[in-house]
Amino acid sequence: MTDLQKSQLIAAGIDIDDALPRFMGNEALLERFLKKFLQDENYIRLQNAIREGNLDDAITASHTLKGVCGNLSLSRLYGLFTQQVALFRSSGLAEGSAMMGEISDAYQEAVGAITAAFL
């Protein structure tokens, strides 16, 4: 991974130094899993669940994204999904859904950085 790729990822809230130990220091393995993140369908599931008013599915999708983002050290998104899951559970669909603007911005930034760095 080049310094430019690392800086693109870090600028988008992806903590490379935190993620690498989980991938045995193997940058190629981390890169492969970051590319797989681009194919994960849980973000679409989350949007659909909110649109359909399905709280259980929204919690499941957001919680799954929280775990994926935590494992890949997408720190900004991990924090947002952590907050969203807590809001869904404590306050309901409307409160958690209100975070989607901020989540969408951070998600697009992460996807853009991964795409720019590796594709």
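In the predicted model, helix α4 (residues 42-52) packs against α5 at an angle of about 155°, and the two axes are 8 Å apart. Because angles over 145 degrees count as roughly antiparallel, α4 is classed as roughly antiparallel to α5. On the α4 side the contact is formed by Asn42, Tyr43, Arg45, Leu46, Ala49 and Ile50, which meet Asp57, Ala58, Ala61, Ser62, Thr64 and Leu65 of α5. By class, the residues of this contact of α4 with α5 comprise seven nonpolar, three polar and two charged, and the crossing of α4 and α5 is left-handed.

Helix α4 also packs with α8, the axes of α4 and α8 coming within 13 Å and crossing at roughly 160°. This angle makes α4 roughly antiparallel to α8, and α4 passes α8 in a left-handed crossing. The residues that meet are Tyr43, Leu46, Gln47 and Ile50 in α4 and Met100, Ile103, Ser104 and Tyr107 in α8. The contact of α4 with α8 divides into six nonpolar, two polar and no charged residues. Tyr43, Leu46 and Ile50 of α4 are among the residues that take part in the contact with α5 and also among those that meet α8.

A further packing involves helix α3 (residues 27-37) and helix α8 (residues 100-118), whose axes come within 10 Å and cross at roughly 130°. The two helices α3 and α8 are therefore oblique to each other, and their crossing is left-handed. Glu31, Leu34, Lys35 and Phe37 of α3 form this contact with Tyr107, Val111, Ile114 and Phe118 of α8. Six nonpolar and two charged residues, with no polar ones, make up the contact of α3 with α8. Tyr107 of α8, listed in the contact with α3, is also one of the residues that α4 meets in α8.

Gln84, which is placed in helix α6, counts as buried at 0% relative accessibility. When residues up to four places away in sequence are not counted, Gln84 touches Leu46, Ile50, Ser62, Gly96, Met99, Met100 and Ile103. Among these partners of Gln84, Leu46 and Ile50 also belong to the α4 side of the contact with α5, in which Ser62 lies on the α5 side. Met100 and Ile103, likewise touched by Gln84, are among the residues of α8 that α4 meets.

Met24, in the loop between α2 (16-19) and α3, has a positive phi of about 55° although it is not a glycine. Ser73, in the loop between α5 (55-72) and α6 (75-91), likewise has a positive phi, of about 60°, and is not a glycine. With regard to accessibility, Met24 is exposed, with a relative accessible area of 70%, whereas Ser73 is buried, with a relative accessible area of 2%. The surroundings of Ser73, with residues up to four places away in sequence not counted, include contacts to Gly13, Ile14, Asp15, Asp18, Ala19 and Arg22.

Methods
Residues are numbered from 1 along each chain as its sequence is written. This is a predicted model: local features need pLDDT of at least 70, side-chain atom pairs count only at pLDDT 80 or more; totals for chains, interfaces and linings use all residues. Side-chain values use heavy atoms; hydrogens and water are left out. Helices (H or I, at least four residues) and strands (E, at least two) are DSSP runs, numbered from the N terminus. Buried means under 20% relative accessible area, exposed over 50%, partly exposed in between (1.4 Å probe, protein chains only). Contact means heavy atoms within 4.5 Å. Axes are lines fitted to C-alpha atoms, for helices over the stretch in contact, and angles run from 0 to 180 degrees between N-to-C directions. Angles under 35 degrees count as roughly parallel, over 145 as roughly antiparallel, 65 to 115 as roughly perpendicular and the rest as oblique. A crossing is left-handed if the near helix is turned anticlockwise from the far one by less than a right angle, and right-handed if clockwise. Ala, Val, Leu, Ile, Met, Phe, Trp, Tyr, Cys and Pro count as nonpolar, Asp, Glu, Lys and Arg as charged, and the others, Gly among them, as polar.
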